[in-house]
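Please read this briefing alongside the sequence and the coordinates shown below. It takes the model topic by topic.

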Amino acid sequence: MTVNGATPLGATTPEEVAFAQEVRRGEPILEVRDLRKHFPLTRGVLFKKQVGAVKAVDGVSFDLMQGETLGIVGESGCGKSTLAKVLMNLEPASAGSVKYKGEEISRLSGSALKAVRRNIQMVFQDPYTSLNPRMTVGDIIGEPFEIHPEVAPKGDRRKAVQDLLDVVGLNPEYINRYPHQFSGGQRQRIGIARGLALKPEIIICDEPVSALDVSVQAQVINLLEQLQAEFELSYMFIAHDLSIVRHISDRVGVMYLGRMVEIGSDLEIYDHATHPYTQALLSAVPVPDPTARESRDRIVLVGDVPSPAKPPSGCRFRTRCWKAQEKCEREDPALTAREWLEGRARHDSACHFAAERENI
Amino acid sequence: MSTVADQTRPAREEPWTGPLLDVRNLHVEFRTRDGVVRAVNGVNYSVAAGETLAVLGESGSGKSVTAQAIMGILDMPPAAIPEGEILYRGRDMLKMSKEERRKIRGQKIAMIFQDALSSLNPVLPVGFQLGEMYRAHRGSNRKEAKAKAIELMDRVRIPAARERVGDYPHQFSGGMRQRIMIAMALALEPDLIIADEPTTALDVTVQAQVMDLLAELQAEYHMGLILITHDLGVVADVADKIAVMYAGRIVETAPVHDLYARPAHPYTRGLLDSIPRLDQKGQELYAIKGLPPNLLRIPPGCAFNPRCPRAQEICRHEVPPLAQVTEDDGTPVAGRGSACFFWKETLHDG
């Protein structure tokens with residue numbers, strides 16, 4: 001019924017793992033440039049006028065490579081879920097470009113959009129609300145075939161759905177059951193099966209395990225990794241749990257208040273972070289090791305995230321940053337590798353004073 | 001401690017040397033249409049002043065229901081407590097009158113809930129809700145209550161307390177709202193605070209602020225703290241001792257360092273092993289197989305046996321008692337217990 005066990009996925013030694021990761025990386029499959037999503041704030045009932053905008057995503061650029069997992073981390077309100085919705089074209093972008101295999105998709109509509117959507121699918125956070133309680137599992141997983149009949153001809157659909165159930169580790173005989181008959185972890189498997197139905201190339205996972213119990217999270221993470229290897233999927237993995245993101249991601253992007261503040265390989269971000277926000281975020285994560293209690297050197301940030309309707313001038317993090325200077329108020333720092341940094345520290349970071357934390 | 005009965009009505013703050021709270025063999029069940037749900041099946045734990053006990057468990061393990069039974073905020077029926085004692089300073093709260101219990105609740109034992117937004121009244125200013133503690137329990141007038149509310153908000157470090165005392169809950173951020181909940185719990189200077197997933201709804205950077213504040217205030221007032229959580233990271237950061245719950249039972253108790261270094265129950269071991277580690281990158285994570293049990297149909301024997309890598313025939317028939325964990329030479333390890341027939345073997349794993 002469930003996929004489990006602790007057998008490694010082919011690669012065992014660290015060298016093999018590194019090699020496998022190197023090979024997997026290929027061409028960019030998704031190129032995102034200066035993407036923006038502003039939600040207008042209006043006043044008045046009869047004569048609506050715009051009084052401002054919530055800048056949920058405000059100029060985000062990155063590439064998603066073929067076969068890689070890009071982790072996106074950040075706190076609530078940083079725009080990571082809005083970013084996912086815009087990439088899925090569930091929300092139209094306000095500005096910027098999204099290219100799928102070189103083709104602009106952010107302003108597509110009609111059949112062209114439909115064709116692209118087949119290749120980009122999503123797995124949602126909450127397996128309790130993202131499945132229609134009045135549809136059977138077979139109908140839920142088979143629904144994508146109604147929209148894209150070319151993937152599975154009518155007669156084959158039942159078989160296709162049963163295959164999908166098998167792939168995600170559920171008993172194919174459950175096809176006529178309803179979502180309430182499943183536990184949270186099993187429901188998330190149903191959500192994943194639905195995401196896989198159209199054989200997409202990209203799956204955007206928005207907090208896929210955060211609603212699950214600790215002992216079940218690992219099962220779902222393992223399933224996602226197995227599926228990636230089997231179907232050569234590219235993942236965008238959005239989560240707030242930094243240790244899970246590190247485990248699954250090849251590269252990691254850190255978001256703050258609608259911007260990408262730092263992006264790099266997992267080692268670059270986790271061991272050589274140069275942006276103060278990333279450093280604070282990493283240091284705030286509770287480590288499941290009581291011996292680290294005294295030795296850890298935690299940066300406790302003051303205050304809360306400012307409102308995305310009125311982001312601070314210049315660097316958005318400056319209101320909470322201990323390094324902030326006058327320059328940070330005037331100039332918006334670009335997301336780029338600073339020339340004074342060396343080795344793994346030299347990766348894209350949006351800070352005027354980017355530097356690694358000194359180890360104590 | 002032997003003279004508990006004589007001390008039942010101490011004349012004001014008699015020095016009490018035993019544990020502040022002692023839960024003994026507590027059972028809680030819910031009578032539902034589908035049958036009896038046994039949410040808590042014989043829980044024992046105790047907390048002393050100044051001590052932090054973390055109760056660790058997944059959803060449905062009974063950790064919150066135990067806390068609600070201690071606070072006396074379970075709806076009975078459908079809930080019922082067929083067995084057990086909850087001793088506060090040696091006196092069984094389950095045998096007290098409603099009036100007596102009300103005096104303890106809030107004044108002596110206070111609770112902090114997970115979701116501050118739904119725990120606060122949205123149509124009343126936070127200052128009013130904080131002041132209510134003093135008006136209701138101490139008979140303060142409005143002016144005094146407001147002054148006290150400002151003082152409390154200062155104490156939990158809400159900036160510009162004087163200006164914000166009239167603000168409504170929705171005007172505060174999640175972290176600030178949780179501070180207000182902490183302020184409310186502290187208002188009457190309780191001996192014991194029960195915090196049920198106090199930081200689960202918060203972001204990590206804010207979680208760090210709130211946990212630090214809670215630990216600091218606890219040390220300052222020398223309070224007992226019961227921290228209910230599923231987060232192994234938070235537990236490692238603040239707890240003195242830990243009780244791990246599974247299907248309504250405590251399966252392991254241990255001081256914090258022992259639990260992480262050498263777990264004595266396969267469930268605890270499984271939880272610790274399923275945390276992603278650096279050297280496991282690119283490999284499959286360890287996962288406990290199967291699902292947490294349905295409380296309507298708890299498996300016979302050890303409730304963990306269908307998921308346990310160590311399960312033997314005996315585990316399917318007999319419920320393992322919480323056994324004292326000893327060193328190899330037989331000396332008991334203080335505060336360590338494991339409800340596993342094979343705790344010795346588990347201790348030596350890994």
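What follows covers the chain contact, the domains, a sheet and one of its strands, a nonpolar core and a loop residue.

The model is predicted. In it, 43 residues of chain A are in contact with 39 residues of chain B, and the domain assignment divides chain A into domain 1 (20–39 + 53–256) and domain 2 (276–349), while for chain B it gives domain 1 (21–239) and domain 2 (263–348).

- Sorted by class, the side of chain A that touches chain B consists of 21 nonpolar, 14 polar and 8 charged residues.

**Domains of chain A**

- The C-alpha centres of domain 1 of chain A and domain 2 of chain A are 29 Å apart, and the contact between these domains involves 9 residues of domain 1 of chain A and 11 residues of domain 2 of chain A.
- On the side of domain 1 of chain A that touches domain 2 of chain A, two or more residues each come from β2 (49–65) and β9 (251–256) of chain A, and the largest share, 4 residues, belongs to β2(A).
- That side of domain 1 of chain A is made up of 6 nonpolar, 1 polar and 2 charged residues.

**Domains of chain B**

- In chain B, the C-alpha centres of domain 1 and domain 2 lie 30 Å apart, and the contact draws 8 residues from domain 1 of chain B and 7 residues from domain 2 of chain B.
- Strand β2 (residues 35–47) of chain B supplies the largest share, 4 residues, of the side of domain 1 of chain B that touches domain 2 of chain B.
- By class, this side of domain 1 of chain B holds 3 nonpolar, 2 polar and 3 charged residues.

**The sheet of chain A and strand β8(A)**

- An open sheet of 7 strands with mixed pairing runs in the order β6-β7-β8-β3-β9-β10-β11 (chain A), and its edge strands, each of which pairs on one side only, are β6 (120–123) and β11 (348–349) of chain A.
- Within this order, β8(A) stands between β7 and β3, and strand β8 (residues 234–238) of chain A is mostly covered, with 5 of its 5 residues buried.
- Ser234(A), Met236(A) and Ile238(A) point one way from β8(A), whereas Tyr235(A) and Phe237(A) point the other way, and all are buried.
- Strand β3 (residues 69–73) of chain A pairs with β8(A) in the parallel sense over 4 bridges, and Ile72(A) has Ile238(A) as its bridge partner in β8(A).
- Strand β7 (residues 202–206) of chain A also pairs with β8(A) in the parallel sense, over 5 bridges; Ile202(A) stands opposite Ser234(A), and Ile204(A) stands opposite Met236(A).

**The largest nonpolar core**

- The largest nonpolar core has 192 residues, and those with the most contacts inside it are Ile180(B), Ala183(B) and Ile242(B).
- Helix α7 (residues 174–186) of chain B provides the largest share of this core, 8 residues.
- When residues up to four places away in sequence are not counted, Ile242(B) touches Ala54(B), Leu56(B), Val235(B), Thr253(B), Ala254(B), Val256(B) and Leu259(B).

**Tyr174(A) in its loop**

- Tyr174(A) is found in the loop between α5 (157–167) and α6 (184–196) of chain A.
- Leaving aside neighbours within four places in sequence, Tyr174(A) is in contact with Val137(A) and Leu165(A).
- Gly142(A) is 32 residues from Tyr174(A) along the chain, and the C-alpha atoms of these two residues are separated by 13 Å.

Key
Residues are numbered from 1 along each chain as its sequence is written. Chains are lettered from A and ligands numbered from 1 in the order in which they are written. This is a predicted model: local features need pLDDT of at least 70, side-chain atom pairs count only at pLDDT 80 or more; totals for chains, interfaces and linings use all residues. Two residues are in contact if their C-beta atoms, placed from the backbone, lie within 7 Å. Ala, Val, Leu, Ile, Met, Phe, Trp, Tyr, Cys and Pro count as nonpolar, Asp, Glu, Lys and Arg as charged, and the others, Gly among them, as polar. Domain bounds come from an automatic or database domain assignment. A residue is buried if 20 or more other C-beta atoms lie within 10 Å of its own, exposed if 12 or fewer, and partly exposed in between; C-beta atoms are placed from the backbone. Two strands pair if DSSP finds at least two bridges between them. A nonpolar core is a set of buried Ala, Val, Leu, Ile, Met, Phe, Trp, Tyr and Cys residues joined through C-beta atoms within 7 Å.
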